[in-house]
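Good morning, colleagues. Please look at the model on the screen while I go through a few of its features.

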2 protein chains.
Amino acid sequence: MKTLIIGGSATGMGVAARLRRNDMNMDITVIQDKDYVSLGACGLPYFVANNFEEKNTLIAREKEKFEESNIKIISNSKVESVNFKENKVFYKDNYETYDKLVIAVGAKPIRPNIKGIEGENIFVLTTLEDGVLLKDKMNNDNSIKKVAIIGAGFIGLEMCESLSELKKDVYLLEMEEKIMQRAFDSEISELIENKLEEKKINTLLGEQLIEIKLKNNKVNSILLKSGKEIEVDAVLLSVGFQPNTQFLKDSGLEMNERGTIIVNTKGETNIEHVYSAGDCAVSKNFINQEDIYSPLATIASKFSKVIADNIAGKQVEFVGSIQSAILRLFDLEIARTGLTEQIAVNKGIKVKSTFIKDKDHTNYTPNQKDLYLKLIINEDTKEIIGAQMAGSNNSILRIYALAALIWQKAKIDNALEQIDLPYAPPFSRSVDIIHIALSKLNK
Amino acid sequence: MKTLIIGGSATGMGVAARLRRNDMNMDITVIQDKDYVSLGACGLPYFVANNFEEKNTLIAREKEKFEESNIKIISNSKVESVNFKENKVFYKDNYETYDKLVIAVGAKPIRPNIKGIEGENIFVLTTLEDGVLLKDKMNNDNSIKKVAIIGAGFIGLEMCESLSELKKDVYLLEMEEKIMQRAFDSEISELIENKLEEKKINTLLGEQLIEIKLKNNKVNSILLKSGKEIEVDAVLLSVGFQPNTQFLKDSGLEMNERGTIIVNTKGETNIEHVYSAGDCAVSKNFINQEDIYSPLATIASKFSKVIADNIAGKQVEFVGSIQSAILRLFDLEIARTGLTEQIAVNKGIKVKSTFIKDKDHTNYTPNQKDLYLKLIINEDTKEIIGAQMAGSNNSILRIYALAALIWQKAKIDNALEQIDLPYAPPFSRSVDIIHIALSKLNK
């Protein structure tokens, strides 16, 4: 049997590696458009900010290592079309056949269709080439002093820190009225906004980019819907992702209107023997089983295992994600899991929530810091459905407990209020912030 | 109705405060042998090591605050006996009556009955007076250069760090063959032993103190069962605790052979209207519902709420503890929860375990450190029953997730293997150490 995988990033190579572990003899071929495989793209902001210099540090596992496991890799080859009836994948002047096909082509940053978008000094940050170019320009082109980041998602925020470290004046543009309002409720958004202000990031909320004005074909200013014009020397686009699925249009593969491939919990598409996962496919929300588009490494890594196991004949399902995410923004750490209160309300869930401001540990051990927790339950079922934290000193890692409780569909009651979390003065207070929140919600 | 509480520490004052919140009119009286109440005794090692100078920092809530809530406190009054038939508690030449009685007298450090034990420069560390004395001696008595710590429990280990900071030569004596072998399995014990060695703590395992040799009535050396004699200038006893229940002997109150008061999950003793909790009473092991003696602040704090609620007429139970604990030892952090493998095996549980050595976060963000996880399941039920971690950078706070999973009686399966924990390069790796361990155990 031959499994063909389109795409050499985390998902594709994850499937390949797991397949090989499952089956020593399967013909496994990866076809992909880059020279390298298995990029750890999450590290790109740290590469740009000179946390390290060797770009190959970002390669989780070299091509040669896969080839040693007898995984065939066809590189620098962009797939142009698929004939699902004949089980053929076409690239250049060639094609590959398959018994099982895994589409793991990922996504690319959205480029808004506005005037000036093709000018120089307009960057994105998804591939290694993107990273190398951006790092070079930001470190070596002295004409770039002011940079506009378009879109305050996780990458946009990480790049605020990276570009500040490189002494750039940063303008952060966000269409929504609050920072990260789809990922966090307003209490945490405000903490993020305060941190950006403290760190001299020029944050423009509720603003939309409508034109990039060029001079000698280089970025000269950005024009906003409000009429504001801001002089900048470069633009970083981080407004979201679009699945790399244009080549599959009209192929018969089911996709939604954004080009996201529809899969079930086994990673199966509407076409037999064809699987997909990662940033080009939908996944499930664990809590309500809705299809979501959530291009996170954590989901890709788990879903790729599921697909490999299913191809190997096991019956495994991806049970979903609660979109757990964590971010360091300068010295502010934030994390989230489950549904936000706002999203839960929008979905018609009767919610009860509490927002606690406390400290990370006792006042008599060094470096005590503020710690915040928003905790959300479904008031009908009493289940915990969401949590958000902000703090310092890695203290927000306690959100792991809340992710675990959501995962186990834990209900608020006296027994849960007594959950036994460890205490010692340098780590916590004898009544932890989680206990305070559970107690508030158990009334 | 009048509730009388014997003891002014965390448990007693916890009951008092919660009772007052439950009932504005109840007569609440605390009788206790000290001048102060609600000592945060866990902070004593940090006080001794000069993390702070003001001893009252350790008082969680001043007497006056309680009195403002109309809680009567009779201080400096050691209870001498109780007549449970007449509902009378005797102290000095006086007595108090009660409708409900809460015995929260705590425990005192065990003083082994050996020659020399009454000499000078032999310390314990439980009360504020103990702390003030030890701090004074360790900081101001230049004749004290070498200190023997007897017993390598949590306090013994914390004091290794504190006394090292004060430039003492520290000798740590432990009867067992491995450090902390009742709290940790050998993999973690070894990491602790290595850290002690690195930090020049002279650790003597499998050794028992049989005599303290005095000179001019001051500590001069300790004599061990092996015949070894070590010259030291002071001794700190931290071999364990003994409930302060001698005054209750032959009173009719049920206690075990160690003088620990037997209570049920409501905190009720064998005598009607008489409750007990904290360091003088047993509590339940959440996993197997066995009675245990576990003098931890986290248990006292929860059990005191349970008692107050029951006195107020609610029906609340203490569901038990999994003896979650965490400790910083120099730059090594360790944490535990649930049963150790050794204890589980001794109890006849069929266990499966894994020990993982990994890193706390990605290699390309600063300060990456080793991270260790031991995870233990019951192979018959597939439930997670224990976890132990060691690491740095607060990375071991992820044990909160494992405490939560034990609390929810989570079973190892494909769904649990997919638990959605947050990932970003400064905090974790895309496949977290918890995922690695779950995956190993789900086979």
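**Strands and cavities**

In chain B, Leu214(B) has Val219(B) as its bridge partner in β14(B). This is a predicted model, in which local features need pLDDT of at least 70, side-chain atom pairs count only at pLDDT 80 or more, and totals for chains, interfaces and linings use all residues. Residues are numbered from 1 along each chain as its sequence is written, chains are lettered from A and ligands numbered from 1 in the order in which they are written, and side-chain values use heavy atoms, leaving out hydrogens and water.

Strands here are DSSP runs of E with at least two residues, and helices are runs of H or I with at least four, numbered from the N terminus. Two strands pair if DSSP finds at least two bridges between them.

Strand β13 (residues 209–215) of chain B is joined to β14(B) by 6 bridges, and the two run antiparallel. Their hairpin has 2 residues between the strands, and Asn216(B) in the turn has a positive phi of about 50°. β14(B) is also joined by 3 bridges to strand β15 (residues 229–231) of chain B, again antiparallel. There, Ile222(B) has Ile230(B) as its bridge partner. The hairpin of β14(B) and β15(B) has 4 residues between the strands, and Gly227(B) takes a positive phi near 100°.

Let me turn to the open sheet. Its 5 strands have the order β21-β22-β25-β24-β23 (chain B), with antiparallel pairing. The edge strands, each pairing on one side only, are β21 (325–329) and β23 (351–359) of chain B. Between β22 (residues 332–338) and β25 (residues 384–391) of chain B there are 6 bridges; Arg336(B) has Gln388(B) as its bridge partner in β25(B).

Finally, the cavities. A cavity is a set of points, on a 1 Å grid over the protein atoms alone, where a 1.4 Å probe fits but cannot get out; lining residues have an atom within 4 Å of a point. A volume is the space filled by probe spheres set on the points, which are joined across faces, edges and corners. The structure holds 3 cavities of 30 Å³ or more. The largest has a volume of about 70 Å³, and its lining includes Pro109(A), Ile155(A) and Phe241(A).

Conventions: On a 1 Å grid over the protein atoms alone, a cavity is a set of points where a 1.4 Å probe fits but cannot get out, and a pocket is an open set with protein on both sides within 12 Å along at least five of seven lines; lining residues have an atom within 4 Å of a point.
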